[in-house]
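Subject: Structure for your files

Hello,

The structure is below, followed by notes on what was found in it.

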Amino acid sequence: MRFPDTGASQALDHMHYDDVRKVIYCFIPKVASTSWKKTWLKMTQPRRNVSAMRRGAIHISLPLLVLDKDKEKKLRTYKKFMVVRHPFERVLSAYKDKLEYWARHNHLFHLMVGKGLNKHRDNPNEETDNITFTEYIRFISQPGRGTVEQRNEHWLPMHEICHPCAIQYDFIGKYENLKEDSEYLLKWLGVTDLMGTFPAAIRPFHASRHDPRYFGQLSNQEIMAFYAKYLPDFMLFDYDFV
């Protein structure tokens, strides 16, 4: 794919690590990352009552590799894994979670995306609470590097988060095989006592690329623009276009 060699350093702020098991997890939002972080907490901080923790607390309770003084050595020597998801289903899940309906937990997303998205609307307005799926797909599929809003981690292409061409991962799991792959990973990590306990999503958003309520709204041109933007994810992780 001829990606630049500098990608490894850009993945560090999405990596949790465990010095005991010498392993690194690169997390991608909307790919069971909250469930994996809960499992990681149980694995590395067994005395904590993880089930009683709020969603926000879970995300800030694990160390990030980018802040570690030995990050380069650990990235080079620790085992590493990541989990991916069909690109269409991942961005649909992000839309349903963050933008489809206004709620207290996603208010900032409406403000952030609505402001940036106005530039791409046929009839710009001040409303940020009625972002349609078509507008969202147009917004995130713009060619080029994109704005800060377009590069939000919840819909940024997966290869731009974990950079698998610059980092040699030992295992790349798939959301579509979540139960099987999580069991394999827990056994691989040596925490067999957690097998069979992989937590369900706190706020599950069932997202099917075959759902006509969403993808049926898109024109062929809009679908092709999305494919063009996310093409490396389709190719690198072996996902079909349909």
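**Helix α7 and its surroundings**

The buried residues of α7 pack against α5 (87-98), α6 (107-117) and α10; contact here means heavy atoms within 4.5 Å, and buried means under 20% relative accessible area, with exposed over 50% and partly exposed in between (1.4 Å probe, protein chains only). This is a predicted model, in which local features need pLDDT of at least 70, side-chain atom pairs count only at pLDDT 80 or more, and totals for chains, interfaces and linings use all residues. Residues are numbered from 1 along each chain as its sequence is written, and side-chain values use heavy atoms, with hydrogens and water left out.

Helix α7 spans residues 133-140, and seven of its eight residues are buried. Those are F133, T134, E135, Y136, I137, F139 and I140. Helices (H or I, at least four residues) and strands (E, at least two) are DSSP runs, numbered from the N terminus.

The axes of α6 and α7 lie 10 Å apart, at an angle of about 75 degrees. That makes the two helices roughly perpendicular (65 to 115 degrees; under 35 is roughly parallel, over 145 roughly antiparallel, the rest oblique). Axes are lines fitted to C-alpha atoms, for helices over the stretch in contact, and angles run from 0 to 180 degrees between N-to-C directions. On the α6 side V113, G116 and L117 meet E135, Y136 and F139 of α7.

**Chain as a whole**

The chain has ten helices and four strands. Of its 242 residues, 51% count as buried.

**Salt bridges**

A salt bridge is a side-chain nitrogen of Lys or Arg within 4 Å of a carboxyl oxygen of Asp or Glu. The count by this rule is eight. One of them joins K74 to D19, with the closest N and O atoms 2.9 Å apart. This pair links distant parts of the chain, 55 residues apart: K74 is in helix α4 (residues 71-77), and D19 is in the loop between β1 (15-18) and β2 (23-26). K74 counts as buried because its relative accessibility is 9%, whereas D19, at 36%, is partly exposed. D19, D68 and K74 are linked in a network of salt bridges.

D97 and K98 also pair, at 3.6 Å from N to O. D97 counts as buried at 1% relative accessibility, and K98 counts as buried at 6%.

Regards
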